[in-house]
Amino acid sequence: MLTQRLLLSDRGGMVVLGLVVLTAILVPILNLVVPTSSPFYVSNFTVALLGKFLCFALLALSVDLIWGYCGILSLGHGAFFSLGGYGMGMYLMRQIGDRGVYGHPELMDFMVVLNWESLPWYWQGFDMFWFSLLMILLVPGLLALVFGWLAFRSRVTGVYFAIITQALTYALMLAFFRNEMGFGGNNGLNDFKEILGFDLAAKTTRVGLFVASAIALVLGYLACRYIVTSRMGRVIVSIRDAESRTRFCGYQVESYKLWLFVFSSMLAAIAGALYVPQVGIINPGEFSPLNSIEMVVWVATGGRGTLFGAIVGAFSVNYAKTFFTTFSPETWLFILGALFVLVTLVLPKGIVGLLGHVRRKGDKS
Amino acid sequence: MTPLDRLRETWRRDQIFDFMLPKPEFGKAVDTSHGPILYVEDVSVSFDGFKALNNLNLYIDDGELRCIIGPNGAGKTTMMDVITGKTRPDTGSVYFGQRIDLLKLPEHEIARGGIGRKFQKPTIFEALSVFENLELATASDKHVWYTLNHDLSAEQRDRLDEVLTLIGLTPQAHQDAGALSHGQKQWLEIGMLLVQNPRVLLVDEPVAGMTGEEVEHTARLLTSLAGRHSVIVVEHDMAFVRSIARKVTVLHQGSVLAEGSMDQVQNDPRVIEVYLGE
Amino acid sequence: MNPPCRFTPRHTLHAVLLWLMCFSALPLHASAQSPAAPAEARTGAVPAAQPSFEQLVQQLPGGSLRDRTATINQLSNQRDERLADIFNALLAGELLADKDTPPTIAIRSGEQLTDALTGTALSDSTGLRRIPVNNNLRTQLRGQVAQLHLNHSDTDKRYAAVQRFIRDGVNADTAALLHAHQELEESDRVQGAITTALAVYRLQSADSGIRQAAINELSGSLEQEARNALRGIAANDADPELRAAAAEAIESIQGRIGFYRFVENLFFGLSLGSVLLLAAIGLAITFGVMGVINMAHGELIMIGAYTTWGVQVLFPNLIEWSLLIAIPAAFLITALVGIAIERGVIRFLYGRPLETLLATFGLSLVLQQAVRSLFSPLNRSVSSPEWISGTLTINPVLSITYTRLYILIFGLLVFFALMLVMKRTALGLKVRAVSQNRAMARAVGVRSSWVDALTFGLGSGIAGVAGVALSQLTNVGPNLGQAYIIDSFMVVVFGGVGNLWGTLVSAMSLGLINNFLEPYAGAMLAKVLVLIMLILFIQKKPKGLFPQKGRAAAD
């Protein structure tokens, strides 16, 4: 019954999830077992890249859930992603211990440089993995709760919401750039050594993180799917299409929006937490408003309002980004800019919508 | 009321605090022991100096079918907005039954308490199917967690099927609501009102854009609803009003100009003046 | 180096007035701006009978020391701008001459040699010898130099000279000199400085009555030196009464300084506000009136700034004029770009604000990258015309840069011009009609698509004009626009969408809040705090300070 609801009734989703599972099985084998000389060998670089894409896909999912289904455009989802990333970064920093450049047993290198005497209170506890994990979920969730409560309660919607979320991430970016905040200033957190005792430079750890990202994506997808196929999902869509009508049906629109926003922020935070150990750095640049808007474009390109569309979008746009920034960095911003315009003007339903359109045409003729 | 007065209020032994009042919930009885189910008293609303409602007084009896007519800008829609909580009046009070102060409740609680509304322009959820539209409106627990984890109960489903038959949309149950014709959308919206099982129905121009046959059908439905529900109909179509009306209220410039049977109202010289001009 | 004689109050006033008139009276500006003043001072004062300035300078190397003394005396009667440099060089032993007739007189500063009379650089140092001076001559020269500075036509130079006197210690000679000069002095600022100098001199007197009077006089002075002198007395003087008087005087001075600091902060806040106003006002039109979210607004500002740069590159001889040329040019260029954006993209997206936001964001990326590819990713240097640089010193603790002053005036000017356009012209009427009820406006014969394009063009053009102003304040680079876009949106949202007055009030108050927070919180934290305050404010009043009311706004 639940499988029917979550998977079988969703053909596109099944295809996309199948591909994700397939890569999660094949890539580790091709990377670890196949000899380097073989043409089937998957390089470490590719593993890291795909792992990054998986995190982005999860992030896109979180954006799609609130924008595609509930019509709330958040231009500040990068903030939740980065907060999750910083949470993980703090755990990884604490794991360095006395192996830092200055060899201080407790303080991070940048704290030593700032002449700090002791660890700030908000760094306490991050040496424990479970605590860090909890914080990775709680801090962005709490921020989303407070921010969303304030915003939805006073019925800040549409463009206004988009602008103040953008201001939120902008403010956080400025704050994290400050050295006194205690998050490494503009260098951010880097030079990580190990996670849960595994060496981050080791091949197996990287593959492990890759598989973990794939699992997180699949679980995240199923959770989102559970929400959108429930009655709550229908309420959310009706809020998107006719908010005040939904209210007159007896639904407290604000609390629906709020819980969805909080859930989505946590999803984004998980994506951030998985992203950081794979790229090895987190800095305030991740908070930049541009990043947050880019996420929206992944979703728009893939097709908003369909969950697998978000995944398709995240993969295709980021693949294009990698391709163009390697071969012709000048053109990438042109292409990204053109993508924004084209998707909104010509392809309101994104790639998925286009595919559906083509298929329906094929069926007819 | 000054803060000191408010503080004094709290010392009274018979004081009932707002938070102690039960929240209105679907199907809960409304105290109508004195007759009327809806009391609108001395309500004024102004937008930038323009008085949309001007000391409006209106009492709706339990189970009554009331038609409200009036020229454009008489305040009909604003009155509905005030009752459903969309607009807060500058002065006045609106009570639902003896106890429930509607001015203190947000829109969704007013809806849960049993006041349903049909808009002038049909507003249905076009991206959802007909069935899902009705499912959304069905009276049930509407909290986030409940809707996440529960489908409709068997009883609610039966009621839903019943309404589907009543509004004649059973064949289209799983079609997208956006694909319905204009008349069918009107019906769907009425159906959504019915599954909500309200005590008071506010119906804004229900027959706009309907064919003659559909109008008749609607008239029959609305009259049959009266008795179990109180129905307030705002309409421009005089023939339609005449066909269903028992009691008619004429609004003009934000207050009640005349009230009575259709014949009484139509012969009232003031009403004739308002409608025909000097 | 500033050429001398440019910043008399009269000139400043001219510049302000001309700036105000720049739209209507361009030709008039030409005659008044021509830099003729210094030449007049250079040549005008030489009587025909006496030896000319050049001849006297050429006499300097020859003859005995006594002859030189006579020459110097003769020279000091000449009012010539070059004299100060020559005397200073002579005093420092850096005035050189060769054996030619007439000899070449050169000033050496470090490795560089310049001809003392023509001001041209000399490459050849062969044959040049130092012109010798003795102690007697030096004393005479010092007095002459001080006098020269006091008689300088530039108020700033005279002021600096008096301050140097106070710093070096005032003795009876200088006191007499200053006293004599005070009668002639026109500038209040220099007068004040001289009074301070004389009072500082009288502090050294033996008579405690005179000293008491001097302290009283100093308590009205804002000069740093006055405070130093008073502090010395308050700390060390033997007379307890004088110590108390000095302490009291310092306190009263501190109070006034606090007031002027506040005024300065107020001004800086307003000037920051006017920058915000300039950046946001175009947005207030496109967002507020048309409901279009134009994320490329920042890039239009950037294009305006680049236009200024372009004008300066194209007409390198007209730097003084560049801003006045750039304003209409930037307006036209950005308005055209804006109309192109409206016709090409936004037209298809009316009623879908979120899509407009994304599409225009894409355009902003394209514009940024285009500028990067066309010019360079590096910042361009835009120079400031003479008349806009420099500071207006009101008193020793309060000085205001002209750039900020002009931008404040300019921002208000643009605002009121726009107000006039919206309230008094046919276009304004149509714009307001379309913004209130598109269908109805179309029904009464307004070509709404045409109005849309023009409105958008107007908003964009103002962004370009803002860019010209910003080019005088910040670095002109591809990222210029990004720095302002969020702030601008905040201004519009804070002020209330669709309300130009609201935009004015909110820009100014945001500027002030930011500026008053900065000393306590630091620049970045101040910004963060302002953003947080705004986010909270929007909760309280989602429709801004001055919301639109009425039935239409309720939906």
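1. Two residues are in contact here if their C-beta atoms, placed from the backbone, lie within 7 Å. On that basis, 69% of the contacts in chain C with a separation of 6 or more join residues 24 or more positions apart. Keep in mind that this is a predicted model.

2. Staying with chain C for a moment: the chain has 24 helices and seven strands. Of its 555 residues, 41% count as buried.

3. Have a look at α13 of chain C, which runs over residues 240–289. With 50 residues at 1.5 Å a residue, the helix should span 74 Å, and its end C-alpha atoms are 69 Å apart, which agrees. There is a bend to note as well: α13(C) has a kink of about 35°, centred on C:A280. After the helix comes C:G291, with a positive phi near 75°.

4. Now the contact between chains A and B. On one side are 20 residues of chain A, and on the other 21 residues of chain B. The elements of chain A that give two or more residues to its side are α9 (231–241), α10 (243–248) and α11 (253–279). Of the chain A side, the largest share comes from α9(A), with seven residues. By type, the chain A residues that touch chain B divide into 10 nonpolar, five polar and five charged.

5. Next, a helix pair in chain A. Helix α13 (residues 307–327) and helix α14 (residues 329–345) have axes that come within 6 Å and cross at roughly 145°. From α13(A), the residues in the contact are A:A320, A:K321, A:F324 and A:T325; they meet A:P329, A:T331, A:W332 and A:I335 of α14(A). That contact is made up of five nonpolar residues, two polar and one charged.

6. On to the cores. The largest nonpolar core has 285 residues, and those with the most contacts inside it are A:A57, A:A60, A:L61, A:A167 and A:V296. Helix α11(A) gives the most to this core, with 16 residues. Apart from this core lies another of 30 residues, among them C:A146, C:I215, C:L218 and C:A249.

7. Which residues does A:A60 touch, leaving aside those up to four places away in sequence? The partners are A:M295, A:W298, A:V299, A:G302, A:A310, A:I311, A:G313 and A:A314. As background, nonpolar side chains tend to be buried together in soluble globular proteins.

Notes:
Residues numbered from 1 in each chain as written. Chains lettered and ligands numbered in written order. Predicted model: local features only at pLDDT ≥ 70, side-chain atom pairs only at ≥ 80, totals over all residues. Axes fitted to C-alpha atoms, helices over the stretch in contact; angles between N-to-C directions. Helix = DSSP H or I, 4+ residues; strand = E, 2+ residues; numbered from the N terminus. Nonpolar A, V, L, I, M, F, W, Y, C, P; charged D, E, K, R; others polar. Buried ≥ 20, exposed ≤ 12 C-beta atoms within 10 Å, placed from the backbone. Expected span 1.5 Å × (residues − 1). Bend = angle between axes of the 7 residues up to and from the residue. Core = buried A, V, L, I, M, F, W, Y, C linked by C-beta atoms within 7 Å.
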